[in-house]
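Dear colleague,

I am handing over the structure below, and I would be grateful if you could look through it before reading my notes.

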Amino acid sequence: MAFLLGLLMALVSCLLGKCALGVLYGNQPARDKRLRDAFLTGGIVVIGLAEAAYLAAVISGWSFSGCVRLFGALTAALTAGAGVYLFLRRGQKKMGHMQRQNRDGGTLWTGFQRLSGFGKAAFFLFWLLLLLQLVSVASQGRVYRQGDMTVETVNSFLDTDTIYGVNPLTGQAYKLGIPLRLKILCLPAFYACLCRISGLEAATVVWGIVPLFTLFGAYCAFFGIGERLFPESPSKRWIFLAFTALILWGGDYMYGMDGFGLLYSGFRGNVIRAAVLLPYTFDLCMRKMWKSVILCILAEACMVWTLYGMGACLLAALLLFLIQKLPRGARGLFHREGD
């Protein structure tokens, strides 16, 4: 069941993401609407749906079951609408078109033949490291959750059918209400919705499935940065990705490091922000896809409270926007084909 949920989440994310990119950018070149963009954008859209359902339930005083029903209805309706939208546009583009029509002129495997010796070695090294990291995350063999209460909070939603009806630390009802940040951040409710819909335990969803998506999403974002840094050298991109994977794995030695968070706490909002949203914001800014940048900023606001670093995506976007105002010679990184 866990595999089916993961597969369904991936398919829904790609479907919603491709539809959202089509709506936002219309007939913009396919290089700006790749499959990885669809996956990441779709995940952001799902987070937005979860936030909408969660806020509606909190404001209206609904039970948790009401939140689940609204989230399910919104997701089903939007997914169906996305399917219809893409079906009507089937004559213009096909599902794999946005991945094939890139600057390298080929898919992953056809492009492999163009790599140098070091590039091919980096290619295999990266996929080996990614596989080992996926196995490590999925096995939950070395779990260290310092002071984290996400699973307990999710279980409190499921057991009491309320949203923050009880304090997961004490099992008693909140006497003075809940903090404002808990009324805004949607991740525990989102994870609980996934548990209720799938019937899976909270630990399986929070510690198993979600971190896998975070890990994969992080490398999708870093791949985009590699494309932008080395537009004419596929070999250098794979070397960049391999070093990124090594650095992240090497950073798992201490709590608080980005590598540690990605490999052991990929369900946390601050980890998703640091490992996925922030690098993806850099990628989008370098491609001048400002509408998608706004989605990243909004997604961060749904997951991370101010004292935990909220606003990093907004700050990064502002800085990169200002860099583009520099003289053209000082901003060659932002120069695009056809500009």
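This is a predicted model: local features need pLDDT of at least 70, side-chain atom pairs count only at pLDDT 80 or more; totals for chains, interfaces and linings use all residues.

Residues are numbered from 1 along each chain as its sequence is written, and side-chain values use heavy atoms, with hydrogens and water left out.

The structure holds zero disulfides, a disulfide being a pair of cysteine sulfur atoms within 2.5 Å. Cys14 is in no disulfide, and the nearest cysteine sulfur, that of Cys220, lies 8.6 Å away. Cys14 is buried at a relative accessible area of 15%, where buried means under 20% relative accessible area, exposed over 50% and partly exposed in between, with a 1.4 Å probe and protein chains only. Cys285 is likewise in no disulfide, with the sulfur of Cys296 the nearest at 8.5 Å, and Cys285 is buried at 0% relative accessibility.

Helices α1 (residues 2-25) and α14 (residues 290-303) pack at about 130 degrees with their axes 10 Å apart; helices are DSSP runs (H or I, at least four residues), numbered from the N terminus, and the axes are lines fitted to C-alpha atoms over the stretch in contact, with angles from 0 to 180 degrees between N-to-C directions. In the contact (heavy atoms within 4.5 Å), Leu21, Leu24 and Tyr25 of α1 meet Trp290, Lys291, Ser292 and Leu295 of α14.

Best regards

How values were computed:
Helices (H or I, at least four residues) and strands (E, at least two) are DSSP runs, numbered from the N terminus.
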